[in-house]
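Hi there,

Here is the structure I promised to send over. Have a look at it first, and then read on for what turned up.

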Amino acid sequence: MKELFGGPGKVSGLVLRMGQCLFAAASMVVMASSHGFATCTAFCYLIASMGLQVIWSFSLACLDIHALRLKRDLRNYVFLSLLVIGDWVTAILSLAAACSSAGVVVLIIKDTNMCKSTPKLSCHMFQISVALAFISWFFLAISSCVMFWLAAS
């Protein structure tokens with residue numbers, strides 16, 4: 001199998017997983033701490049999706065740390081197949097949550113001017129949370145492509 005940036009059991013893979021985990025956790029915390037997020041199901045879905053991504057990424061980061069400490073090779077076909085499926089499922093869910101939340105943010109800020117008429121809404125916090133979710137998804141997309149490439153080769 002090829003040696004690729006971001007592969008399992010490598011430092012670059014650990015950096016990608018930690019980036020996913022940290023940005024997803026930050027997105028989840030910012031959205032959960034903003035006032036009025038529960039009025040929209042897309043924001044609740046974003047929190048649930050980012051929670052799933054935090055669990056997935058953190059568990060794989062721990063596995064990468066374990067493999068790095070013991071100098072083990074994590075690249076066998078069955079394990080990579082599981083990683084490919086898990087990465088692609090969480091990537092699709094995260095992208096769907098980020099896009100739906102971004103659509104709602106555009107709707108309430110630009111189209112309906114709800115942020116001006118309802119000052120209690122934390123519109124800037126919604127924007128920050130969605131941006132963090134997209135950054136987290138970007139890291140996950142890189143990992144997904146690398147895992148798919150490794151499993152295919």
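Let me start with the annotation. An unreviewed UniProt entry lists residues 8-139 as "domain: Casparian strip membrane protein". Please keep in mind that the model is a predicted one.

Next, the charged contacts. Searching the whole structure turns up one salt bridge. The partners are D87 and R17, whose side chains meet at 2.8 Å, N to O. D87 belongs to helix α3 and R17 to helix α1 (residues 11-33), so this pair ties together parts that are 70 residues apart in sequence. Are these two residues buried or exposed? D87 is buried, because its relative accessible area of 0% falls under the 20% cut-off. R17 is buried as well, with a relative accessible area of 3%.

Sorted by class, the contact of α1 with α5 has 16 nonpolar residues, seven polar ones and one charged one.

Finally, a point on the backbone. Which residues have a positive phi although they are not glycines? K71 is one of them, with a phi of about 55 degrees, and N113 is another, with a phi of about 55 degrees. K71 sits in the loop that links α2 (41-70) to α3 (77-111). N113 lies in the loop between α3 and α4 (114-117). As for accessibility, K71 is exposed, because its relative accessible area of 75% is over the 50% cut-off. N113 has a relative accessibility of 35% and so counts as partly exposed.

To recap the side-chain part: the salt bridge joins D87 and R17, and it links helix α3 with helix α1.

Best wishes

How values were computed. Residues numbered from 1 in each chain as written. Predicted model: local features only at pLDDT ≥ 70, side-chain atom pairs only at ≥ 80, totals over all residues. Heavy atoms only, no water. Helix = DSSP H or I, 4+ residues; strand = E, 2+ residues; numbered from the N terminus. Buried < 20%, exposed > 50% of the residue type's maximum accessible area, 1.4 Å probe, protein only. UniProt positions renumbered as here; feature names shortened; annotations may be inferred. Salt bridge = Lys/Arg side-chain N within 4 Å of Asp/Glu carboxyl O. Nonpolar A, V, L, I, M, F, W, Y, C, P; charged D, E, K, R; others polar.
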